[in-house]
Amino acid sequence: IATTATVILSLLISTLFAQELPMNLGDNNSFWFDTESLDLSDGDEVSNWNDDSESGNDAYQNSHQYRPEYSEDEDNTINNNAVVYFEGGNKMLNMSNSSDINTSQMDEKSMMIFFRTSDQINNTQVIYEEGGRTRGMNLYIDGKALYAGFWNLARDNGDDASFIPFTSVSVEVEKNTNYMVAVVMDAVNDEFRLYLNGMLVGTENGVGTLYSHSGNIGIGGVAGYTVTHEGEVKNKNFKGSIGEFLLFDSALTDEEVDALEDFLGPKWGFDHTGVLPVEMLEYSAQLENNSTTITWATATELNNDFFTIERSNDLENWTVIGTVYGAGNSNYRNDYEFVDYTAVNGTVYYRISQTDFDGTTEVFNPFSVNANNEMNGSEVHTSHLQSLVHLLFLLLLFKINTLLSLLPPLSSTSPLP
């Protein structure tokens with residue numbers, strides 16, 4: 001009786017203090033996996049991952065040799081939070097068929113996942129899949145890119161329009177990097193959307209109804225077969241970490257994706273409202289004979305499609321003189337160069353703008369070159385951060401020199417104390 005009472009009390013407490021998703025998204029929550037619900041120690045096998053939603057769609061692995069592990073190793077964790085670590089091979093979790101997920105006809109589905117890549121991102125690695133050869137939806141890595149895929153390769157109910165070839169949205173990813181990803185399948189509005197780290201990185205059209213696609217569901221691997229842009233695959237398991245994973249039987253709007261990112265992101269180190277598409281380190285222009293070489297460097301890039309270079313004689317009327325492709329997503333320095341072969345007479349102004357994959361544009365401050373400049377028209381602009389560090393360094397030197405000036409002069413004949 002005491003044990004039963006303890007269990008009931010525990011359930012009541014967990015119900016009272018359970019997290020509620022914003023904007024009533026819990027009403028359409030098919031599953032919610034969070035490592036906080038795992039009462040495990042570092043290195044323990046994960047045999048069961050309880051669903052924190054009200055749908056009861058738990059993930060499990062009955063075979064000892066195929067179980068992923070609970071990891072607190074700093075090489076695997078996400079923002080210092082414990083994760084479920086999949087080491088590739090045959091490590092994965094399964095889920096049973098469910099009308100919330102795969103055994104009913106659906107026009108809308110969405111997912112959000114927080115995961116970390118490993119040092120291997122060239123080969124095919126399935127992070128999540130439902131369905132099989134004929135119908136399904138998945139999320140996988142291949143060739144240093146993340147893909148969200150959808151297909152309905154059958155003419156259901158004799159309707160030719162129900163046949164949907166494999167459709168995917170992809171974005172480049174880096175090794176050993178944390179990611180916040182959302183995927184939205186919206187057949188009603190004919191959209192298949194992929195979000196990465198708080199930004200919409202791609203949209204595909206031509207999606208339709210996803211009919212019943214029974215067959216076990218895989219997390220961290222393939223439970224049977226799945227389909228990629230290269231065809232059918234199996235035994236292509238994920239090497240990396242998963243911290244939190246949610247699935248919905250509705251198509252999240254942009255506002256709902258934002259709300260969910262605001263709600264869950266900070267825990268995993270993401271604040272999409274503070275994400276900068278490009279962190280510019282410096283940019284400069286150098287006169288060389290009758291041309292001007294424009295160079296710039298970035299520290300990081302997020303969803304960066306391309307740069308636009310403009311020229312002006314008066315800072316009011318600007319002419320586009322060229323574009324340069326960006327690096328997409330990058331966590332390391334990238335250097336760029338563009339040459340303007342128009343001769344410079346007097347002062348000429350340049351400016352660089354950056355455009356995301358979704359069309360959002362950021363314009364950086366203009367800079368100039370002058371044909372009569374003694375420095376041969378060279379002008380370098382550094383980032384605000386670099387300028388601030390330089391200023392603080394100068395202030396520190398000034399303070400040290402001031403303190404030294406207050407000390408009595410040293411003398412070789414001064415008596416010892």
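1. Trp32 stands opposite Leu246 in E18. The two strands concerned, E1 (residues 29–34) and E18, run antiparallel and are joined by 5 bridges. Strands here are DSSP runs of at least two residues, numbered from the N terminus, and two of them pair if DSSP finds at least two bridges between them.

2. A word on the basis: this is a predicted model, in which local features need pLDDT of at least 70, side-chain atom pairs count only at pLDDT 80 or more, and totals for chains, interfaces and linings use all residues. Residues are numbered from 1 along each chain as its sequence is written, and side-chain values use heavy atoms, with hydrogens and water left out.

3. Leu246 also has Met112 opposite. Strand E7 (residues 108–117) pairs with E18 in the antiparallel sense over 8 bridges, and within this pairing Met111 has Leu247 as its bridge partner.

4. E5 is a further antiparallel partner of E18, joined to E18 by 4 bridges. Here Phe86 is bridged to Gly240.

5. How many residues of strand E18 (residues 239–248) are buried? The count is 10 of the 10, so E18 is largely enclosed by the rest of the structure. Buried means under 20% relative accessible area, exposed over 50%, and partly exposed in between (1.4 Å probe, protein chains only).

6. E7 is mostly covered too, with 9 of its 10 residues buried. E7 also pairs with strand E12 (residues 178–186), again antiparallel, over 9 bridges; Ser110 has Val184 as its bridge partner there.

7. Now to the open sheet: its 8 strands follow the order E2-E3-E6-E15-E8-E9-E10-E11, with antiparallel pairing. Strand E2 (48–49) and strand E11 (164–172) stand at the edges with a single partner strand each, so one side of each is left without a neighbour in the sheet. Within this order, E8 (residues 125–131) and E15 (residues 217–219) pair over 2 bridges, and Glu129 has Gly218 as its partner in E15.

8. Finally, the surface: Asp42, Glu72, Asp73, Glu74 and Asp75 form a negative patch. Patch residues have over 30% relative accessible area and no salt bridge, with like charges joined within 9 Å and nonpolar side chains (Val, Leu, Ile, Met, Phe, Trp, Tyr) within 5 Å; a salt bridge is a side-chain nitrogen of Lys or Arg within 4 Å of a carboxyl oxygen of Asp or Glu. Glu72 lies in the loop between strand E4 (69–71) and strand E5 (83–87), and is partly exposed, at a relative accessible area of 44%.

Note on methods: Accessible areas come from the Shrake-Rupley method with a 1.4 Å probe; for residues, only the protein chains shown count as cover. Lys and Arg count as positive and Asp and Glu as negative; His and the chain ends are not counted. The place of a charge is taken as NZ of Lys, CZ of Arg, CG of Asp or CD of Glu.
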